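Hello,

Here is the structure you asked to look at. Please open it first, then read the notes below.

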Amino acid sequence: NGKKGRNTNIQNFGLNALPMELQAAQIDIGLDYINDWQNKRKHINDFYESEFKKLPVKIIQSPKYCDSNYHKFAMLTADRDSLIKYLAESNIDALAHYTDNFANFFGSDKKFPNTDMFCNEIVTLPNNAWMTDNEIEKVVKKVKDLKNKNSNTNIEIIKEKFPYVTILPFVKNYKYTIDYAIQHAKTSYVWVLTSLCNYKEFDFDFIPEKFQSNQIHTWATFN
């Protein structure tokens, strides 16, 4: 496409070429497995959508009148470049999807704000039929942890104090998550903590007064 690399500027007019015979043969064989591969990619796509729906991202979805092949999972995020770099540190190959406003190459004076937005914010995540469940879950965890890079360290600090801690996903809202924790607790009192905070210096010796035993107590966070 007229570029030396995916993330370089356009140098000249590109070429549109036909596949070689070997590639055509691979495609022909792959058609025998297309339904299985398609189902796996759709499963991964649906899982990503369900896990990311509460994140500050916009998931690119196909129109309802189309049947997607889900060969890419694309979303818009203002932290695109930071996300790609962060995922690369964990050997997750996320890519800047659209990278060029061709109007710039052709010297147009017109403004294309939507094109610029896509070039600056769109990213694709791995989605293929050969991904394992562990790999899929790793992608989800790392995307969620972009703003919480100390998550694992904070959890280990909590486990030092409470070796039998149960780790719950944040679902719907804080009240729902707290209610769920209380309903499944096996002790008289329960701490509901977050991996966003470092509790190394926190005093867990607090015991409520008798008249406070049915109340929820909260503390301000400063980190």
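Y70 sits in the loop between strand 1 (58–59) and strand 2 (73–76). Helices (H or I, at least four residues) and strands (E, at least two) are DSSP runs, numbered from the N terminus. The phi of Y70 is near 55 degrees, positive although the residue is not glycine. Most residues other than glycine have a negative phi. Y70 counts as buried because its relative accessibility is 18%. Buried means under 20% relative accessible area, exposed over 50%, and partly exposed in between (1.4 Å probe, protein chains only).

A word on the source. This is a predicted model, where local features need pLDDT of at least 70 and side-chain atom pairs count only at pLDDT 80 or more, while totals for chains, interfaces and linings use all residues. Residues are numbered from 1 along each chain as its sequence is written, and side-chain values use heavy atoms, with hydrogens and water left out.

N91 also has a positive phi, near 60 degrees, and is not glycine. N91 lies in the loop between helix 3 (80–88) and strand 3. Its relative accessibility is 73%, so N91 counts as exposed.

Now helix 3 itself. Its buried residues are R80, L83, I84, Y86 and L87. The buried residues pack against strand 2, strand 3, helix 5 (113–121), strand 4 (122–125) and helix 6. Contact here means heavy atoms within 4.5 Å.

Next, Y98. This residue is in the loop between strand 3 (95–96) and helix 4 (102–106). At 46% relative accessibility, Y98 counts as partly exposed. Leaving aside residues up to four places away in sequence, Y98 touches R80, F118, C119 and I122.

Last, a helix pair. The axes of helix 2 (residues 34–52) and helix 6 (residues 133–144) come within 11 Å and cross at roughly 25 degrees. That makes the two helices roughly parallel, a term for angles under 35 degrees. On helix 2, the contact is made by K40, I44, F47, Y48, E51 and F52. Helix 6 supplies I136, E137, V139, V140, V143 and K144.

Best wishes

How values were computed
Axes fitted to C-alpha atoms, helices over the stretch in contact; angles between N-to-C directions. Parallel < 35°, antiparallel > 145°, perpendicular 65-115°, else oblique.
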